Amino acid sequence: MGKVIVVTSGKGGVGKTTSTAALGAALAQRNEKVVVVDFDVGLRNLDLVMGAERRVVYDLINVIQGDAKLPQALIRDKRLETLFLLPASQTRDKDNLTPEGVERVMTDLKRHFDWIICDSPAGIERGATLAMRHADIAVVVTNPEVSSVRDSDRIIGLLDAKTAKAERGERMEKHLLLTRYDANRAERGDMLKVDDVLEILSIPLLGIVPESMDVLRASNIGAPVTLADSRCAPAMAYFDAARRLAGEEVPITIPGEKRGLFGKIFGRRAA
Ligand SMILES: Nc1ncnc2c1ncn2[C@@H]1O[C@H](COP(=O)(O)OP(=O)(O)O)[C@@H](O)[C@H]1O
Ligand SMILES: [Mg+2]
């Protein structure tokens, strides 16, 4: 059975879609069978970041409503055999995303994929709660800013209260992915320090992705950053994060600093 990951955050524009595509591609580059699922109904853009927008015919809501079978809606990546996209609908109403329908699709996906990565919309409403509903693991994407950290804290509360796992009395595995990290701004005190964010959220760190033009360049050519340029700093950060998701112990480094933070941060697994 595949593992379901939700990539979530309270705030928009923090890097959820970028991270979904990059982590999905990074896991598929390890030969794991991966599907990335766009839950951002009305605002779909995971297909753009994946470079698959012209190939979208059917979407998640079509499958939920029975207008299409799951294989008809899945789009195989042009570059990676084991990477698939289940797109969101741009036109339909979010209300078409029914809890029963989502459950059916997730159960089906779990039978066919190693990893199901759900790109959540921003906020705490229907789309976001349905995206996290069936997750085994949550990746909480946060920028080192007060507003982003505050919204992430709210999401952590929801993950512990509103998910199927929580209802079964189980604990959701939660990881912090700190993105758009700018070492210079952190140094000047314009951004929260890594330690401060960890202190507030107190969930284990999955990785730190630096602010980088490479992310924009990748999105402009319609490729996850790990495929666009596998040697650039954000790609390396995502590769390391994917290895950690797959259970490897990889030391964490703060972009712009040489010092490893391994024992201190990733050693703390008690989410
Ligand atoms: N590490 C990064 N460095 C620079 N820009 C980034 C980075 N991560 C994301 N972005 C940019 O930030 C914007 C929002 O990212 P996106 O992944 O769409 O966020 P969300 O899905 O959380 O709304 C996009 O323009 C994206 O290219
Ligand atoms: Mg998004």
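The lining of the largest cavity has 5 nonpolar, no polar and 5 charged residues; here Ala, Val, Leu, Ile, Met, Phe, Trp, Tyr, Cys and Pro count as nonpolar, Asp, Glu, Lys and Arg as charged, and the others, Gly among them, as polar. The model is predicted, so local features need pLDDT of at least 70 and side-chain atom pairs count only at pLDDT 80 or more, while totals for chains, interfaces and linings use all residues. Side-chain values use heavy atoms, with hydrogens and water left out, and residues are numbered from 1 along each chain as its sequence is written.

**Cavity**

- The structure holds 1 cavity of 30 Å³ or more; on a 1 Å grid over the protein atoms alone, a cavity is a set of points where a 1.4 Å probe fits but cannot get out, and lining residues have an atom within 4 Å of a point.
- The volume of the largest cavity is about 50 Å³, a volume being the space filled by probe spheres set on the grid points, which are joined across faces, edges and corners.
- Its lining consists of Met50, Ala52, Arg55, Ile75, Arg76, Asp77, Lys78, Arg79, Phe84 and Leu85.
- Strands β3 (75-76) and β4 (83-86) each supply at least two residues of that lining; helices (H or I, at least four residues) and strands (E, at least two) are DSSP runs numbered from the N terminus.

**Largest pocket**

- The largest pocket holds about 640 Å³ of space, a pocket being an open set of points with protein on both sides within 12 Å along at least five of seven lines.
- It is lined by 30 residues, and Gly13, Gly15, Thr18, Arg180 and Val215 are the closest to its centre.
- At least two lining residues come from each of α1 (16-28), α2 (46-49), β7 (173-181), β8 (205-210) and α11 (213-220).
- α11 gives the largest share of this lining, 5 residues.
- The lining of the largest pocket divides into 16 nonpolar, 10 polar and 4 charged residues.

**Second largest pocket**

- The second largest pocket has a volume of about 300 Å³.
- Among its 20 lining residues, Ile208, Ala237, Thr253, Ile254 and Pro255 lie nearest its centre.
- β8 and α13 (233-245) each supply at least two residues of this lining, and the largest share, 5 residues, comes from α13.
- By class, 11 residues of the lining of the second largest pocket are nonpolar, 3 polar and 6 charged.

**Packing of α1 with α13**

- The axes of α1 and α13 come within 9 Å and cross at roughly 65 degrees; axes are lines fitted to C-alpha atoms, for helices over the stretch in contact, and angles run from 0 to 180 degrees between N-to-C directions.
- α1 and α13 are therefore roughly perpendicular to each other (65 to 115 degrees; under 35 counts as roughly parallel, over 145 as roughly antiparallel and the rest as oblique).
- The crossing of α1 past α13 is right-handed, meaning that the near helix is turned clockwise from the far one by less than a right angle.
- Thr18, Ser19, Ala22, Leu23, Ala26 and Leu27 of α1 make the contact with Tyr238, Phe239, Ala241, Ala242 and Leu245 of α13, where contact means heavy atoms within 4.5 Å.
- This contact of α1 with α13 comprises 9 nonpolar, 2 polar and no charged residues.

**Packing of α7 with α10**

- Helices α7 (residues 146-159) and α10 (residues 194-201) pack at about 30 degrees, with their axes 10 Å apart.
- That angle makes α7 roughly parallel to α10.
- α7 passes α10 in a right-handed crossing.
- Val149, Ser152, Asp153 and Ile156 of α7 meet Val197, Ile200 and Leu201 of α10.
- The contact of α7 with α10 has 5 nonpolar, 1 polar and 1 charged residues by class.

Definitions and conventions:
Chains lettered and ligands numbered in written order.
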